[in-house]
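This report describes the architecture of a protein complex and the contacts between its chains. Please have the sequence and the three-dimensional structure at hand while reading.

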Amino acid sequence: MSGVIEDEILQMYIQESKEHLEDIETDLLEIEQQGENVDEDLINKVFRAAHSIKGGAGFLDLTNIKELAHKIENILDLVRNGQMIPNQDIVNTVLEAFDYLGELLNNAVDSNAKDISEHIEKLTGLTVSSLPEAEKESVSNLVDVSHKKVPVSFSLTEFDLKNGRQGGKLIYIFEFDLIKDMERQGKTPFDLLKLLEDGGNILDLIVSMEAVGDLDDEEISPRLPMYVLYSTIIEPDLVGSVFGLSDTCIYLIPADHESMESSEDHAEEETSEVIEEASPSLPAKMPPPPEKAAPKPSPRPDKKKTIKSVVSQTDTLRVSVGVLDQLMNRAGELVLARNQLIQSISTGDKQIIAAAGQRIDLVTSELQETIMQTRMQPVGNIFNKFPRIVRDMAKNLGKDMELELEGQGVELDKTIIESLGDPLTHLVRNSADHGIESPAARKEKGKNQTGRILLRALHESGQVIIEIHDDGKGLDPEKIAEKAVSKGLISEDEVKTMSAKEKVNLIMLPGLSTAEQVTDVSGRGVGMDVVKTNLDKLGGQVEIISQLDKGTVIRIKLPLTLAIIACLLVSSANERYAIPQVNVGELIQVPAAEVREKIEKVGDAEVLILRGELIPLMQLGNVLQLQNTFYNPRTGTYEVDRRHQLVDERILTDTEKTSDKRENTDEELTTAERRESYASDVKIVVVQAGIHKYGLVVDKLHDTVEIVVKPLGRHLNKFEIYAGATIMGDGHVALILDISGLARAANLRTMAETDRAKQIAAAETQAKEGTSRQTLLMFHNGPDEYCAVPLHMVLRVEQIKSSDIEFKGGKKVIQYRGGSLPIYALEEVANVEALEDREDLIVIVFIVAGHEVGLLAVPPLDVVEADLKIDEETLRQPGISGSTIIRDETTLMIDVFDFMKELNPQWFESGTEENGLSAETSKTAGNCSDVLLVEDSQFFRDQVRNFIETEGYAVFEAEDGIEALQVLDEHIARIGLVVTDLEMPNMDGFELTSRIRKNERFTHLPVLALTSLAGEEDVTRGREAGIDDYQIKLDKENLIKGIHKMLHQG
Amino acid sequence: METDKQHPDRGSDFIQLSCFYLQDTFCGLDINIVQEINEDLQITKVPLSQDYVIGIMNLRGQIVTVVDQSRKIGFEPSVISEDSRVIIVNSQNEHIGLLVDRVTEVLTISTKDIADAPSNIEGAQGKFFKGVVHTAKNEILALLDVEAVLTEDHGNDK
């Protein structure tokens, strides 16, 4: 037999079977819900699916599939006849069996080797249990049905046979010749099977290979008989014409011959045929069905191998005929337009040519749209599997939840649909597993016990949105932020400036999974980042909106199609590259004159300062290792490397030298000169993909165009830096860059740059806000002497000339804000080098013990963020608290309090009088005038405590709200004021305040909140909680004033 | 079919070879896998690709990878000149371009004339040749094994 026919048929069968299986889940679940009042149409639909699968499998000799489908069919039949009421167990078993059926179908060729006994047993068990006692045996008893003139015999269970006869049906054996009746008439076996199914029930069928003979045989028989055991109500005299069979091919099986039961006494018309009884008197136990395949021709296994290779390669798509017709129309129009064009070109009439051009333009875009349509598939295809998933999860997790689907009809490109399955499954599972609470917890929260998950698709401004809503516990932004910090993914300071929404979206950072315990269902240590990466690949964007205890909405924006995308064209080293528009944030052209201000060098890396944000820059040419075009300050020319040269250089033998030289010249350019090389405008594309955001420096920016994405060949498609290639209007090819791949390719350098840039950005913003505990103001004292003070201590920085310094009464002063500011040099106290003698100096203004003082320093000033690992021994001396290494330089840490104490000890003794706080006040400590300072960061706590203690108050410290309450509990008698940070682990400032207010013993205490940014929202929230006053964290002056005011009121 | 196990190609009597030069080596490919020979050498470089990949080109709307055969085999890299051509072959359901330095004629040879590649072709290079043919013009023609030339694993990622 020709293998090709079988391959085609097998594929058709598999495809059709899969289509049958598609809706089964949904249908079965509905059947389960309907229970007793099951909708017959629905059952019939599922039944038919199982039935068709069985029929085809029999034809193709897929015994396992046939067997399994058959058992399913039995159950469904019982349900249909009302003999069995579908409950969860039954539906579960059937679902599992269908699942396994799907698996078998995926590898149909090898399916006969799989073990299906588990499912068979379960299904048989169900069948048996629903039957009356007397009939139970019939399920396992096998009978053989055969006919004298038919060379094959059918083996089936008594139960099936009985079912076949139900309602006065007749049982026939038909003999079809697959070659004569089918192939020559252009029919497929499936047409036949369909016809048969419409008229009755196929109980079994056998294709007789023996009749064909072997290839070695002298004569090849032109027959391929297929025997069908068939049950129908059609009378013998009609059967032939209905199925197009001659009477010689129809054999009627009389009712009494195989029946052991006298009750089965059907009134049968007599038959001249003699029936052989296979199991003469007693229903003998027959060998299990799979062994029926044994007498089949032996060369089978070899043949199957060849089938396999063919099967795995095909990928087909169903397209509606309407779309195909449309396509045909468009193609017709295109031909007309072409004719018009050719004609007009020959006549040379420009006007008609232009018209034809327009028409072709129009038709092409219509054609393109229609072709797109053929690729469009409804999202329902993937949505439909979720009811089952959610149902199973609900069962496993002991939760009560339901899934609603909306917008299944929304269509998306086939490729997107296919790749969307996994991320969506992950998200839905997340919602079900982590989102929806247990019924008890929901009840406690006053929610409906049944959790609700809504999966919906909708169109929005040319994109498709898919949303997953759940009304579960929501995501806790603080928890996520905390985790991100603890894993070192972001810094605590970054967290402070983040909105709740931003914090929630941190969940998509790689390496952050919030599942506290890894459950079997979801969260196998793979987090949302995988989802995000997958969606990124599709050009999708994810957004999470979550409200604690209300629920979570995950919103995915997807392009309709991936085949045609909008791209920005850029060029570097004279080659054009396309950047997908979705990745393009903005385009920036830095004019030559502003290059120095806007582009900074951090180590070897360059960063762009964009509205306060630092964006790492990447030269496209460098990443791709192209010879960059650059401005050579020596020759004053703009050197452009032509492509030919590049090719030449790669090939010529002596090019090594040439390129070496080039590199050398490149290296010889000092940093300063490199900056010169920015003498022309710098064009930057700010791109964003996933976690990467960076600026791509290119030579030229071109247009945005719609391009058709073409895949790269097998030698190139493993490069993650390219998403494919496209053909430009001029026929040239341009590569499409994969923005996140590009970032990864440049990993070592760019990631370091990013981190560095982040640090700097953080330092900058902190410098503005003055909140950092790690931000230092660096300056020089002696020529090579690096000094630093914590930036938050600094009140102001003044630039002065050395001539501005006046000597008054043995003291150095400068005029400052209409008064005199005493200034000191470090050498007056500490044993350091003398202040460098130079024209321009800097005065750093501090407030110490209520006095404004200035410290003389030498530029350059710099603000750095550093881990303060202070060596408190080696260089410790008066005025200097120790040393630390910053940017590879030993840096002296100036202790301004100590410094001033050395110079003006009297300030610290009689101290605070000038501030209006009498010494007695501070000595009456113990009389409700101590301060409780609640702050989670050690360094910061030390600083604030310093301020407060300097003012003469005793300070209690606590790290968070919980500890603060303990301290209050013990020392309430002495505490007169609570100064608290707002953002803290365990218990934050708001919570602490409301607890204080609720506690009778503490409620009188004034609460002053320290904040980095007193946003309106925070203030309102704070007032509600009972916070009396706000102070910016290191605004020392006001902080102290605030403390005074409160303590004195108190 | 299997008259000689080492050279299954010898089964049919005559085969046609599309012949060309890689540097000074006269080579031939079974014409059945050759789709066309292309004169248009508008090749777009693919930065960071393996060194034997010259780039990609547009073959009537299809992106085709162009491979420098010489380099892959281990000769000196080809230099693109007036005579350079790209032979488009079918390999594993994909069109791939092979850069050659000069194309010559189509030769019909008898499979009986195919001899083993000379033993002094080093092992590494030897795997790219199916054998050699002594032509009527007294030239030695090397029969290239295209699939061996187009394996992706070999090559230095830069």
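Buried area is the accessible area, taken with a 1.4 Å probe, that two parts lose on being put together, summed over both. The model discussed here is predicted.

## The interface between the chains

By that definition, chain B and chain A bury about 2,800 Å² between them, and 57% of this area is on carbon and sulfur atoms. On the side of chain B, the residues that lose the most area to chain A are Lys45(B), Leu48(B) and Ile63(B), which together account for 25% of what that side buries. In terms of contacts, 35 residues of chain B touch 29 residues of chain A.

Two salt bridges are counted between chain B and chain A, and one between the chains joins the side chains of Arg714(A) and Glu94(B), with N and O 3.9 Å apart. Polar contacts between chain B and chain A amount to seven residue pairs, with both residues at pLDDT 80 or more. Strand S4 (53-59), strand S5 (62-68) and strand S7 (94-100) of chain B are the elements that give two or more residues to the side touching chain A. Sorted by class, that side of chain B has 14 nonpolar, twelve polar and nine charged residues.

## Overall make-up of chain A

Chain A has 37 helices and 41 strands, and of its 1050 residues 48% count as buried. Among the contacts in chain A with a separation of 6 or more, 67% are accounted for by residues 24 or more positions apart.

In soluble globular proteins, nonpolar side chains tend to be buried together. The largest nonpolar core in this model has 69 residues, of which Tyr13(A), Ile65(A), Phe98(A) and Phe174(A) touch the most other members. Helix H5 (residues 88-106) of chain A gives the most to this core, namely ten residues. When residues up to four places away in sequence are not counted, Phe98(A) touches Leu21(A), Ile24(A), Leu28(A), Val46(A), Ala50(A) and Ile72(A). A second, separate core of 57 residues includes Leu568(A), Tyr577(A) and Leu620(A), together with Cys27(B).

Ile24(A) and Leu28(A) are also among the buried residues of helix H2 (residues 24-34) of chain A, a list that includes the acidic residues Glu25(A), Asp27(A) and Glu32(A). Following H2(A) comes Gly35(A), whose phi is positive, near 60°.

## Helix H4 of chain A

Glu73(A) is found in helix H4 (residues 63-80) of chain A, and it counts as buried because its relative accessibility is 7%. Its contacts, not counting residues up to four places away in sequence, are with Phe47(A), Ala50(A), His51(A) and Lys54(A).

In helix H4 of chain A, Lys71(A) and Glu67(A) are four residues apart, so about one helical turn separates them. The two form a salt bridge in which the closest N and O atoms are 3.9 Å apart. Both partners are buried, Lys71(A) with a relative accessible area of 7% and Glu67(A) at 11% relative accessibility.

## Salt bridges elsewhere in chain A

Over all chains, the count comes to 33 salt bridges. In the one between Lys445(A) and Glu437(A), the side chains meet at 3.1 Å, N to O; Lys445(A) counts as partly exposed at 38% relative accessibility, whereas Glu437(A) is buried, with a relative accessible area of 5%.

Arg576(A) forms a salt bridge with Asp730(A), with the closest N and O atoms 2.9 Å apart. Arg576(A) lies in strand S15 (residues 575-580) of chain A and Asp730(A) in the loop between strand S25 (722-727) and strand S26 (733-737) of chain A, so the pair ties together parts that are 154 residues apart in sequence. Arg576(A) is partly exposed at 26% relative accessibility, and Asp730(A) is partly exposed with a relative accessible area of 47%. Salt bridges that share partners also join Glu25(A), Glu32(A), Asp99(A), Arg388(A), Arg391(A) and Asp392(A) into one network.

## Thr704(A) and its surroundings

Strand S24 (residues 700-708) of chain A contains Thr704(A), which counts as partly exposed at 45% relative accessibility. Thr704(A) touches Ala566(A), Cys567(A), Leu568(A) and Gln581(A), not counting residues up to four places away in sequence, and its side chain makes a polar contact with that of Gln581(A) at 3.4 Å. Although Thr704(A) and Ile579(A) are 125 residues apart in sequence, their C-alpha atoms are 9.1 Å apart in space.

Key:
Residues are numbered from 1 along each chain as its sequence is written. Chains are lettered from A and ligands numbered from 1 in the order in which they are written. This is a predicted model: local features need pLDDT of at least 70, side-chain atom pairs count only at pLDDT 80 or more; totals for chains, interfaces and linings use all residues. Side-chain values use heavy atoms; hydrogens and water are left out. Contact means heavy atoms within 4.5 Å. A salt bridge is a side-chain nitrogen of Lys or Arg within 4 Å of a carboxyl oxygen of Asp or Glu. A polar contact is a pair of N or O atoms within 3.5 Å; within protein, one must be able to donate a hydrogen and the other to accept it, and residues adjacent in sequence count only if both atoms are side-chain atoms. Ala, Val, Leu, Ile, Met, Phe, Trp, Tyr, Cys and Pro count as nonpolar, Asp, Glu, Lys and Arg as charged, and the others, Gly among them, as polar. A nonpolar core is a set of buried Ala, Val, Leu, Ile, Met, Phe, Trp, Tyr and Cys residues joined through side-chain atoms within 4.5 Å. Buried means under 20% relative accessible area, exposed over 50%, partly exposed in between (1.4 Å probe, protein chains only).
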